[in-house]
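Q: I have a protein model open and I'd like to learn how to read it. Can we go through it feature by feature?

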Amino acid sequence: AAISSTCSTTGAHRLARDVLAAQPDLLFVEFAVNDDQDASHSDRECRRGMEGVLRQARESNPAMDVVVTHFVNPPMLELLKQGKTPVSSGGHEEVANHYGVSTIDLAREVAERINANELTWKVYGGTHPKPAGNRVAADMIEQLLDAAWADGEQFQDVSPKPHRLPREADSGNYSKGKLLSGEKAKFDNSWVFAVPAWDSIPGGKRGRFTELEMLCTAVVGAELTLEFEGQAVGLYVLAGPDAGRVEYSVDGSEFETADLFHRFSKGLHYPRTVMLATGLDPGPHRLVMRVAKDRNQQSKGNAVRILEFVTN
């Protein structure tokens, strides 16, 4: 159920639709690399996203087993080789410990093997590993499963046991994350809910998105309103070379600005979740949003393409 480039924030909000709907009893989770290099998340956001995933999983099926794996990129590798812990994998590890979830610290294993001259980054294969790198990950998973079944008594009774659900580590976590269709908003004639005319829009596209309807506009000042429930609201968007900025207000607050353009947007219509407001009081709220006139200096337009709204 992976979606390239997306972070744990996106993962937490789409988990119910894309994962839990399949009723898994064993779930593997990995967001260390994308929380680091794609989202550049703070420690808080790394924790909120991962807790959102783990808590939802356990609430949906208390007997579900979960394994969190930390993959690795070059900046994370350099930190680990210096004996330091990356923000993303460190935050995810602590959340996993809080929930009693097993982890595979592939990132640390690779760093230790490289330091010991037992492996090279080239042989491992890089951020997206080659077969040799994936073999290391698979071996670690096998070792974990062997250890979990090491006690012969477990073979006497293989019925699933419910896991304990601890208190929330962060009350702002995304464990109530949901997706809302763009059709749920009220919008003026400057917006259209349709499949974009991709053939006439510059920039790379990934096939999984090219046939999806989404809420789109490129008109400065185009406005919409969204009534939603929860403590947070954001946008799950495709942000391409022409991605703009939006101005938004929740419950009549002063308007703030969010930039949808990402450094990877230059050549790709890039999927990302941009949180607009968090820490709201539980209950109903009203979002007012409009397309800003100014835009990122690297952007070629003011486009807003909303795959879904996200709420928590």
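**Salt bridges**

A: Let's start with a count: this structure holds 19 salt bridges. A salt bridge here is a side-chain nitrogen of Lys or Arg within 4 Å of a carboxyl oxygen of Asp or Glu. Keep in mind that this is a predicted model, where local features need pLDDT of at least 70, side-chain atom pairs count only at pLDDT 80 or more, and totals for chains, interfaces and linings use all residues. Residues are numbered from 1 along each chain as its sequence is written, and side-chain values use heavy atoms, with hydrogens and water left out.

Q: What is the general idea, and which residue does Asp139 form a salt bridge with?
A: Side chains of opposite charge can pair when their charged atoms come close. Asp139 pairs with Arg135, and their closest N and O atoms are 3.0 Å apart. The two sit four residues apart in helix H8, so about one helical turn separates them. Helices (H or I, at least four residues) and strands (E, at least two) are DSSP runs, numbered from the N terminus.

Q: Which residue does Arg305 form a salt bridge with?
A: That one is Asp242, with the closest N and O atoms 2.8 Å apart. Arg305 lies in strand E14 (residues 304–311) and Asp242 in the loop between strand E9 (233–239) and strand E10 (245–250), so the pair ties together parts that are 63 residues apart in sequence. Both Arg305 and Asp242 are buried.

Q: Which residues are linked in a network of salt bridges?
A: Look for Arg14, Arg17, Asp18 and Glu308. Within that group, the side chains of Arg17 and Asp18 meet at 2.6 Å, N to O. Arg17 is partly exposed, at 43%, and so is Asp18, at 26%.

**Backbone angles**

Q: Where do I find a positive phi in a residue other than glycine?
A: Most residues other than glycine have a negative phi. Here, Ser5 has a phi near 80°, and Ser40 has one near 50°. Ser5 is in the segment before helix H1 (8–18) and is buried, with a relative accessible area of 12%. Ser40 is in the loop between helix H2 (32–38) and helix H3 (43–60), and at 47% it counts as partly exposed.

Q: How many cavities of 30 Å³ or more does a search of the whole structure find?
A: Rolling a probe the size of a water molecule over the atoms shows where empty space is left. On a 1 Å grid over the protein atoms alone, a cavity is a set of points where a 1.4 Å probe fits but cannot get out, and lining residues have an atom within 4 Å of a point. The search finds one, and the largest cavity holds about 30 Å³ of space.

Q: Which residues line the largest cavity?
A: They are Arg48, Gly172, Tyr174, Gln231, Ala232, Thr278, Gly279 and Asn312.

Definitions and conventions:
1 Å grid on protein atoms, 1.4 Å probe; cavity = no way out; pocket = protein on both sides within 12 Å on 5 of 7 lines; lining within 4 Å. Points joined across faces, edges and corners; volume = space filled by probe spheres on them. Buried < 20%, exposed > 50% of the residue type's maximum accessible area, 1.4 Å probe, protein only.
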